[in-house]
Amino acid sequence: LDYLAEQLTPLARQVGKGKPRENDLIVNIPPGTTKSITVSIMFPVWCWINWPWMRFIAASYSGSLALEHGEASRELVRSDRFTQLFPHIIVKRDKDQKSNFRLQYVKGKHTVQGGSRLSTSVGGTLTGFHGHILIVDDPVDPNRAVSEVELKSANRWIDQTLSTRKIDKSVTPTILIMQRLHQNDPSGHILAKKKLNVRHICLPGEIVQYKEYLKPTELADKYVDGLLDPYRMPMTVLKDMEADLGQYGYAGQVGQNPVPPGGGMFQVDHFQAIHPSQFHASNIVKTVRAWDKAATHGGGAYTTGVKMALLKNGKFIVLDVKRGQWRSDERERIIRETAEADGPKTRIWHEQEPGSGGKDSAQATTANLAGFSVQSQVAAGTGSKVYRADPYSAQVNEGNVSLIQADWNYEFIEEHRFFPYGSYKDQVDAASLALNKLKFGKEGFVL
């Protein structure tokens, strides 16, 4: 907590002096570590003691949680002890609400309007409000962190709404504090932009398994027996948390890396990477190109075609991945061009989504591939991606799946690392379909 306070202090001082901010701040830390008391409750009050004109906007995933933090700050200012120490700072009587209160303070012989705090939910309206400092504390409900809709909504609000509520865009810092919940949670979303003015502090609950995620690394000396908080979060408590949260929840909320060590469903370190010069096509028994289709352009889901081969030794190799966010007409052109490049020996499978629209799209793709060996696979219901990926993951985890070294390897591996809780599943889905068709024959894996 001392270290965290040390990082908050210069941000406030820069605002107090009106200097351009050096950085925004992201802090990843487990729940139950008094992070909200430090950042959301105490920090604004400390700022008011030094700069009583300072205005805050503070948000959490629920309005009630944001109100609770706001009320605690207000009650602290109202307390007898605070009044004794700082009698010149009071809550303004006609602006005294949990969600939005304002201060006034004595300056010389006059009482002037002071700072304020607006408490709101992530996604709430901010029209007409601006802040000197913006605080986002737990922007996503842990119980809904696997919802892509919830994540996109939170990220969009932070990007497009909160970012416009700065009193001075060059000065006002944003402080985001949360436990990691998903690859594309607000922390992951912002860090993926690779901005140079974002300082990232990451404090796992234990560094026995998660030391590589500790930032800054010199804080390892402050851990006791590898524990961030040996009193409230000893190893016995952490083991209980792991049992309750599961491996994904524990990896995110405690380890601050939303995927278990070594991978989750896929142990990605078991992928075998082969240089093209070391691979001989004579080892191939048969080849499949499987497509997971999407009709998007400039955002959203990806269309992906994974080319995989069964080898004479019974193992598999991924030879190529085509992936992009294409319009329907562009997608069909690329699928056709890819088939021509693969040649007639590569059998083509593509997934047919449920409903008449999915059937029409599948028929259009099949017609587009006239002259090639092509079939469609009717998609199953909810959970089919995970279900179909199960036999594929078993082959990966046994070290039976190789990759030809190429530029697509990184994104391919990273998607497998976070599956099924990552932002995208298209490469895993296409690879699963390809392997199932190679392993189980023409009819493929029965869903």
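Modeller: Helices here are DSSP runs of H or I with at least four residues, and strands are runs of E with at least two, numbered from the N terminus. By that reading, this predicted model has twelve helices and 15 strands in its protein chain.

Colleague: Why is Val 171 called buried?

Modeller: The relative accessibility of Val 171 is 7%, and the word buried is used for values under 20%, so Val 171 counts as buried. Across the protein chain, buried residues make up 52% of the 447 residues.

Colleague: What makes a residue a contact of Val 171, and which residues are in contact with Val 171 once its neighbours within four places in sequence are left aside?

Modeller: Contact means that heavy atoms lie within 4.5 Å, and with those neighbours left aside Val 171 is in contact with Gln 14, Val 15, Gly 18, Lys 19, Pro 20 and Arg 21. For the protein chain, taking contacts with a separation of 6 or more, 72% are between residues 24 or more positions apart.

Colleague: How far apart in space are Val 171 and Cys 47?

Modeller: From C-alpha to C-alpha, Val 171 and Cys 47 are 15 Å apart, while in sequence 124 residues separate them.

Colleague: Which side chains count as positive or negative, and how many of each has the protein chain?

Modeller: Lys and Arg count as positive, and Asp and Glu as negative; the protein chain has 55 positive and 48 negative side chains, with the centres of the two sets 5 Å apart.

Technical notes: Residues are numbered from 1 along each chain as its sequence is written. This is a predicted model: local features need pLDDT of at least 70, side-chain atom pairs count only at pLDDT 80 or more; totals for chains, interfaces and linings use all residues. Side-chain values use heavy atoms; hydrogens and water are left out. Buried means under 20% relative accessible area, exposed over 50%, partly exposed in between (1.4 Å probe, protein chains only). The place of a charge is taken as NZ of Lys, CZ of Arg, CG of Asp or CD of Glu.
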